[in-house]
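Visitor: Could you take me through one part of this protein slowly? I would like to look at salt bridges.

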Amino acid sequence: MADLSIDFCGIRSPNPFWLASAPPTNTGDQVMRAFDAGWGGAVWKTLGNPIVNVTSRFGGIDYGNTRLMGLNNVELITDRPLEVNFREMREVKKRFPKHTLVASLMVETKEEWREIIQRSEDAGADLLELNFGCPHGMCERGMGSAVGAEPKVLEEIARWAVAFARVPVIVKLTPNVGDILEPGEAAVRAGVPALSLINTVKSIMGVDLDRMVPLPRVGDASTNGGYCGPAVKPIALHLLSQLARHPQCGKLAISGIGGISNWRDAAEFIALGATSVQVCTAVMHHGFRIVEDMLEGLSDFLDEKGMSSVAELRGRAVPAYREWGELDLSYKLVADINPDTCIGCQLCYVACMDGSHQCIHLPGRTEEQSRQAGHTHLPQHVPERAVTAAAGTPGARVPFVDEEECVGCNLCQLVCPVPGCITMEEVSTGRPPESWNDRIAQGKSYVPGGLEATEAARRRNR
């Protein structure tokens, strides 16, 4: 069985699965129940001078049959007295000395940072996470993402924390910036050993069209909140990988956050450079026990891949993340529809015709009918293949892919409701690997058919 324990800035954790700073880590009782369930660490709900919250606080967005694809919240940091939080942290650490306890912190002045850091360490915190990411409420008071969006301010406060702290400091970054490397580099300059990201994405969840009030509704008004859940995972993976491949930021320990719901999500974050992963929305939706499947699934995956520890997975996919200009223009895929499993729903045809490159054809049409449908290039022959799958549409035919016209965009595969029915097959173009950057370096980047102004400038520069 693979070793799931991790070393995060010299702090050992039983496994990489941590609870993110959020309602599930609001109290010591919650954190202890989570540790009993199998979580390796927990980031305490952000500590600072207590606040007053509003009602309601959460808004959800569903997609199809999926509940809470995204979750929006306008809840702020802890509303409980600090001494109550610190007492419970001491109790948690006493009962679970080998689990990782992280104090999330957010205050204003230098002296407040000094005091809250000392009190957090005295309460047993193994790590300190500076919350520079909250996109609502607290940023209006000059904290949270107001700091994360200003690299100079972030660097100064992070320097204070590093100077005051005896335990490792993590800077939590906001995704609500134009370039994640700017705050990341500021954290490096401040001397912190670790980063965590992403915090929530600034958002409005929807509108109550009867009351004409945005959601979640607080009386007769609302405000922007922080968006999280499965829908933000692609954003989180992108920003994580940006940092992981950076020469300086990539040397720091990173705790990955954003839409992690199962072991596969966690493995993807780790493969793109995370040492630990933090989970929030999935726990709010399904409870602490989801970690059982996460632990089992990650362990089985590592065993299957011949990896003896989760550390071997970290960063494995980072070298394969490149700029668009470095991708191979000679690489080609084409779609292949399996006639034995196709049910004849024609979703692939509709998607290709209206949303892509019109390379999928329906059998039985005349040339005139095909051109009226929108095809401009017709293959010499479209085979007649009746749908034979048990769940197929009676009388339907299997669509045909014109490989010559197929650009390998994947859309047909993505919309197909039958798993494995449409596959993307690699075909040889007979050309050597070549990127756009290669073409630029060789002076071959000109593509005919553009603007006359561009053509004229090119002629002048010859």
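Visitor: Is Glu-384 buried or exposed?

Guide: Happy to look with you! This is a predicted model, where local features need pLDDT of at least 70, side-chain atom pairs count only at pLDDT 80 or more, and totals for chains, interfaces and linings use all residues. Residues are numbered from 1 along each chain as its sequence is written, and side-chain values use heavy atoms, with hydrogens and water left out.

Glu-384 is exposed, with a relative accessible area of 51%; buried means under 20%, exposed over 50%, and partly exposed in between (1.4 Å probe, protein chains only). Its side chain meets that of Arg-397 in a salt bridge, at 2.6 Å from N to O. The term means a side-chain nitrogen of Lys or Arg within 4 Å of a carboxyl oxygen of Asp or Glu. Arg-397 and Glu-384 are 13 residues apart, both in the loop between α12 and β19 (400-401), and the pair links distant parts of the chain. Helices (H or I, at least four residues) and strands (E, at least two) are DSSP runs, numbered from the N terminus. Arg-397 itself is partly exposed, at 36% relative accessible area.

Now step back to helix α12 (residues 367-373), where Arg-371 and Glu-367 sit four residues apart, about one helical turn. Arg-371 forms a salt bridge with Glu-367, and their closest N and O atoms are 3.2 Å apart. Arg-371 is partly exposed, with 41% relative accessibility.
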